[in-house]
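Hi,

Here is the structure I promised to pass on.

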Amino acid sequence: MNEFVYSYPTKVLFGEKAAAKHLPAELSKVGQTVMLAYGGGSIKRNGIYDELLSVLQAAGKRIVEFSGIMSNPTYAKVQEGAALAKAEGVDFILAVGGGSVLDCCKVVSAQAKLTTDLWSFEYGEKKQPAEFIPMGAVVTAFGTGSEMNNGAVITHAEKKIKGALWGAFYDFAILDPLYTMTMPLKQVFSGAFDSLSHCMETYMGKPRTSNLSDEINEACQRNIIAHVRATLANPQDVQARSELIWAAAMAENGILKIGKATDFQAHMLEHQLGAYTDCNHGQGLAVIHPVLYRHMLTEGEEQFARLAVNVWGVDPSGKSQAELAEAFVQSLAAFIKEATLPTTFAEMGISNDVDYKAIAQSTVLTPNCCKKFTTEELLDVLMECKG
Ligand code: NZQ
Ligand code: ZN
């Protein structure tokens, strides 16, 4: 295991009616002006907006609305939110939504406290912000785990980069499975696949020998697979949603990363696909993963073989490690179809004119990847994904 420091800043408030039960107490600790931030309006249609508004009003807060945060939030939207927060003297941000709203607000919370441009500050000066507007999250769409980490993924449209920016941790995160019941099923499965991808990408990091983090990770993967299947059988299964929402947080809250250096190369490639196509994150990962893994069967053989047996229930008797690794990729690909996820970029509606060469060239991989892909190899992967 690598050395580590573990401490946890986000309080998780999990369960049905969690906002009604816990939000008043949390709001009593924060300042007077609260920014209520949300996306394109799903919360107005499903009643979550009205519920939260009445809690905020009962707490006597002055409310500043920041709405229209799009999927794959842009740096321009971050600047809009930061300018609003500064102008209105916002004391606290309540972010209500999926990964896009939560990510956008993390960066708003940092940019609003900074006079310089955050992108140049983090990418150019290689610094991390230290001052933030405090925040709370209400999760309405699970998958990214954004509610329990301090990373945000933001699209800089002019630079054509979808990249990570570091913001604040949420002081608290409200996880109510009932709030996710109106998620479109397509988003339920793409979100769940995103969580599974976070597990796999962490698992493929270093060290590659068996360790406690990986064993917890295998349990998370089995849980996600089982509850995607439960949701396929019964889309209204609240118990399955409650498992998926917590598994999503677990997959990206750092616990699976304890003592590990992570890989995340499918993510790095998918993020650049997103920068060029504005595609759905979990769907992009579903297409990329099996293709990428076929290109690293040798380098990842030992871990793939372990996943085949411990996660996918493949019987190891009489099989070589290489055969088990192949069985893992086959199980994963079959599951993607079973979960009604796309298997090609064409199925995702991505047009053929995309500049795949530019996507491959602009993808920056971490040094910990199980296999170090060249730009040419990444382009091969993208071409196979195209369909
Ligand atoms: O905008 P509204 O109208 O709210 O609709 C949203 C959106 O269209 C809808 N939705 C959310 N909750 C709903 C609902 N519809 C009905 N009922 C509800 N209860 O769902 C759609 C998708 O939401 P979005 O937040 O875009 O999806 P997701 O949670 O998958 O977030 C994706 C973003 O997170 C980034 C991705 O790159 C992408 O930009 N990620 C963030 C990570 C992190 N911070 O840790 C890690 C991930 O790997 C990922 O990169
Ligand atoms: Zn992801």
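Before anything else, the domain bounds here come from an automatic or database domain assignment. For the protein chain that gives domain 1 (11–179) and domain 2 (185–385). Bear in mind that this is a predicted model, where local features need pLDDT of at least 70 and side-chain atom pairs count only at pLDDT 80 or more, while totals for chains, interfaces and linings use all residues. Residues are numbered from 1 along each chain as its sequence is written, and chains are lettered from A and ligands numbered from 1 in the order in which they are written.

So where does ligand 1 sit? Both domain 1 and domain 2 give residues to the shell around ligand 1, so it lies between them. There are 36 residues around ligand 1, and Gly 39, Gly 40, Ser 71, Gly 98 and Gly 99 come nearest (a residue counts as near if its C-beta atom, placed from the backbone, lies within 6 Å of the molecule). Elements giving two or more residues to that shell are α2 (42–45), α5 (99–111), β6 (151–156), α7 (185–203) and α11 (281–294). Helices (H or I, at least four residues) and strands (E, at least two) are DSSP runs, numbered from the N terminus. The most comes from α5, with four residues. By class, the shell has eight nonpolar, 25 polar and three charged residues; Ala, Val, Leu, Ile, Met, Phe, Trp, Tyr, Cys and Pro count as nonpolar, Asp, Glu, Lys and Arg as charged, and the others, Gly among them, as polar.

Now the two domains themselves. Their C-alpha centres lie 27 Å apart, and 20 residues of domain 1 are in contact with 27 residues of domain 2 (contact means C-beta atoms, placed from the backbone, within 7 Å). On the domain 1 side, β1 (11–14), β6 and β7 (161–166) each supply at least two of the touching residues. That side divides into 11 nonpolar, six polar and three charged residues.

One helix pair is worth a look too. The axes of α7 and helix α9 (residues 238–251) come within 9 Å and cross at roughly 35° (axes are lines fitted to C-alpha atoms, for helices over the stretch in contact, and angles run from 0 to 180 degrees between N-to-C directions). Gly 191, Ala 192, Ser 195, His 198 and Cys 199 of α7 meet Leu 244, Ala 247, Ala 248 and Ala 251 of α9. This contact has six nonpolar, three polar and no charged residues.

Cheers

Terms used:
Two residues are in contact if their C-beta atoms, placed from the backbone, lie within 7 Å.
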